[in-house]
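This report describes a protein model, beginning with the spaces inside it and ending with its overall fold. Please keep the structure in view while reading.

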Amino acid sequence: MKNVVVAIDDLHPEQGWGCEGDTQVEYLSALNDQYGVKFTLFCPSYYHHQYKLTKDWVSYWKQFDWVELANHGHYHDVKKSTFDQMGEQEFLELNHIEATERVQESLDVWEQCGHKPKGFRSPGWGITQEAADVVSSYFDWVAQHELHNQSINFGTQNFIGCDGIHESENISLYGDTFMFQSHIQGDWNDNVWSEKNYLHFQKVLDYLLSQYNELQFKTISEIE
Ligand SMILES: [Zn+2]
C-alpha cells in the first residue's frame, strides 16, 4: 500500500489563487471526484501585505474533508532591501524573536478565521535555524526540502519530497509515500495548476494506479 500526497502552495483569497469558481479549483475538485485525490494547501496568512485570509475563504475550504489547510508563513515576502538576494523567503531573515512574532501574527489571523493549522512550510523553503526552532515549537510537522534545508534541524515531525505535478520521470517514493508538489498559480513556477499540468497529472495517476494495487490518497497530517 502506497500513499499519495498532493501539496499546493501559495493559495490565498485572490481570484485565480484558490477561490471558489477558479478553474484551478475546479481541477482539484474533479481530481477528488475521479480518483479521490486529497490536497494539503499551504496558505500564507497575509500574502504580500495585500491578501489576508478571511473567514469566508477558510470556511469554503474547510467544508471539504479531502483538504487540509497548512501554514505557509504570513507575508510570503521579505523586506524590500533584501528582495534581490532572497526572493520571498520570509523566514530566512528572521531571528528567534522576529520569528516568534511573525508566527504569532500569522496564527492570530488563522484563529480569527476559525482554523488552527497543524503543519508548516517555509515560503521559498529557506529558513534560519532560529526560525526553525520557533516553527518547530508551534507546529506538529514541517514540510522541508531535503537539500535546501539540509543543515537545519527541525524539532518536530518533518516530511520531505517535492516531485512536481508536471514531471513524469524520477518520481520518488519517500518511505511509502509519493509527495507531489505544486503551486496554485505564478509565472515563476512550472508546477502550477494549468490545464496542461492537470491533464498530465491525470496520466501520472493512471500510471501509478497501473503499477500499484492500492494507492491511498492522504493529506500530510494523515500520514502515519
Ligand atoms: Zn510559496
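## The largest cavity

The lining of the largest cavity divides into seven nonpolar residues, two polar residues and one charged residue. The model is a predicted one, and the volume of this cavity comes to about 50 Å³. Its lining is made up of Val 5, Ala 7, Arg 121, Ala 143, Phe 159, Gly 161, Met 179, Phe 180, Gln 181 and Ile 220.

Two strands, strand 1 and strand 11 (177–183), each supply at least two residues of this lining. Strand 11 gives the most, with three residues.

## The second largest cavity

In total, two cavities of 30 Å³ or more are counted in the protein. Around the second largest cavity stand Phe 120, Ser 122, Trp 125, Ile 127, Val 142, Ala 143, Gln 144, Asn 149 and Phe 154. By class, these lining residues are six nonpolar, three polar and no charged. Ala 143 belongs to the lining of the second largest cavity and also to that of the largest cavity.

## The pockets

The largest pocket holds about 280 Å³ of space. Its lining consists of 20 residues, and those nearest the centre are Gly 124, Trp 125, Gln 181, His 183 and Asn 189. This lining has four nonpolar, 11 polar and five charged residues.

Of the 13 residues that line the second largest pocket, Lys 62, Val 67, Glu 68, Leu 69 and His 115 lie nearest its centre. Helix 2 (55–62) and strand 5 each provide at least two lining residues, and strand 5 gives the most, with three. The lining of this pocket divides into five nonpolar, three polar and five charged residues.

## The zinc site

Which residues coordinate the zinc ion? The donors are Asp 10 (OD), His 72 (NE2) and His 76 (NE2), at 2.0 to 2.1 Å. Along the sequence, these donor residues follow the spacing D-x61-H-x3-H. Asp 10 and His 76 link distant parts of the chain, being 66 residues apart. Asp 10 lies in the loop between strand 1 (2–9) and helix 1 (23–35), while His 76 lies in the loop between strand 5 (67–71) and helix 3 (83–86).

Are Asp 10 and His 76 buried or exposed? Both of these residues are buried.

## Helix 5

Helix 5 spans residues 129–138, and its buried residues include Ala 131, Ala 132, Val 134, Val 135 and Ser 136. Among the elements that cover the buried residues of this helix are helix 4 (96–112), strand 6 (119–120) and strand 7 (141–143).

## The protein as a whole

The protein has six helices and 12 strands. Its radius of gyration is 17 Å, close to the 17 Å that the globule rule gives for 224 residues, so the protein is as compact as a globular protein of that length. Along the principal axes, the C-alpha atoms fill a box of roughly 50 × 35 × 30 Å.

Of the 224 residues, 55% count as buried. Among contacts with a separation of 6 or more, 67% are accounted for by residues 24 or more positions apart.

Methods: Residues are numbered from 1 along each chain as its sequence is written. This is a predicted model: local features need pLDDT of at least 70, side-chain atom pairs count only at pLDDT 80 or more; totals for chains, interfaces and linings use all residues. Side-chain values use heavy atoms; hydrogens and water are left out. Donors are N, O and S atoms within 2.8 Å of the metal (3.2 Å for Na, K and Ca); water is not among the atoms, so sites may look incomplete. Helices (H or I, at least four residues) and strands (E, at least two) are DSSP runs, numbered from the N terminus. Buried means under 20% relative accessible area, exposed over 50%, partly exposed in between (1.4 Å probe, protein chains only). Contact means heavy atoms within 4.5 Å. On a 1 Å grid over the protein atoms alone, a cavity is a set of points where a 1.4 Å probe fits but cannot get out, and a pocket is an open set with protein on both sides within 12 Å along at least five of seven lines; lining residues have an atom within 4 Å of a point. Grid points are joined across faces, edges and corners, and a volume is the space filled by probe spheres set on the points. Ala, Val, Leu, Ile, Met, Phe, Trp, Tyr, Cys and Pro count as nonpolar, Asp, Glu, Lys and Arg as charged, and the others, Gly among them, as polar. The radius of gyration is taken over C-alpha atoms; the globule rule is 2.2 Å times the number of residues to the power 0.38.
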